[in-house]
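Please keep the sequence and the structure in view while reading.

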Amino acid sequence: MADANVRIPVEARDRLAEIAAAEHLSLRSYLAHLAETLLTPAERAERAEQARAALKAWNGYDPDAAHTRQLDAELDRRLAQAQIR
């Protein structure tokens, strides 16, 4: 596999290196691990669709867009409330 150079601020590099070291990884290994484990927006959307399909098949749950927005707003409200505490 070819290496690539990525320019980032020194502070960001140092922070990532510190996080990697705490996990007993090199910065290179840590970044490779992130790339392997984090999902792209398209992958997240695909998994969300799979979850919705599984819920619908399992128990018939199939919220419309308005209900989904309402649930998202409630989740955002609860997360904001938890951050205040």
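## Surface and burial

The accessible surface of the protein chain amounts to about 7800 Å², and carbon and sulfur atoms account for 56% of it. Such areas come from the Shrake-Rupley method with a 1.4 Å probe; for residues, only the protein chains shown count as cover. The model is a predicted one, in which local features need pLDDT of at least 70 and side-chain atom pairs count only at pLDDT 80 or more, while totals for chains, interfaces and linings use all residues. Residues are numbered from 1 along each chain as its sequence is written, and side-chain values use heavy atoms, with hydrogens and water left out.

How many of the 85 residues count as buried? The share is 4%, where buried means under 20% relative accessible area, exposed means over 50%, and partly exposed lies in between (1.4 Å probe, protein chains only).

## Overall form

The protein chain contains 4 helices and 0 strands, which gives the pattern α-α-α-α along the sequence. Helices (H or I, at least four residues) and strands (E, at least two) are DSSP runs, numbered from the N terminus.

The radius of gyration of the protein chain is 19 Å, whereas a compact globule of 85 residues would have a value near 12 Å. This radius is taken over C-alpha atoms, and the globule rule is 2.2 Å times the number of residues to the power 0.38. Along its principal axes, the C-alpha trace spans about 45 × 40 × 25 Å.

Helix α1 includes A12, a residue that counts as partly exposed at 29% relative accessibility. The C-alpha atoms of A12 and E23 are separated by 17 Å, the two residues being 11 apart along the chain.

## A nonpolar patch

On the surface, L55, W58, Y61 and L71 form a nonpolar patch with about 430 Å² of accessible area together. Patches are made of residues with over 30% relative accessible area and no salt bridge; like charges are joined within 9 Å, and nonpolar side chains (Val, Leu, Ile, Met, Phe, Trp, Tyr) within 5 Å.

## Charges and salt bridges

The protein chain carries 12 positive and 14 negative side chains, and the centres of the two sets lie 3 Å apart. Lys and Arg count as positive and Asp and Glu as negative, while His and the chain ends are not counted. The place of a charge is taken as NZ of Lys, CZ of Arg, CG of Asp or CD of Glu.

The whole structure holds 6 salt bridges, each being a side-chain nitrogen of Lys or Arg within 4 Å of a carboxyl oxygen of Asp or Glu. In one of them, R28 pairs with D3, with the closest N and O atoms 3.0 Å apart. R28 lies in helix α2 (residues 27-37) and D3 in the segment before α1 (10-22), so this pair ties together parts that are 25 residues apart in sequence. R28 is exposed at 58% relative accessible area, and D3 is exposed at 59%.

A salt bridge also joins R13 and D14 (2.8 Å, N to O). Both are partly exposed, R13 at 39% and D14 at 38%.

In helix α4 (residues 65-84), R78 and E74 are 4 residues apart, a separation of about one helical turn. Their salt bridge has its closest N and O atoms 2.7 Å apart. R78 is exposed at 51%, whereas E74 is partly exposed at 28%. E74, R77 and R78 are linked in a network of salt bridges.
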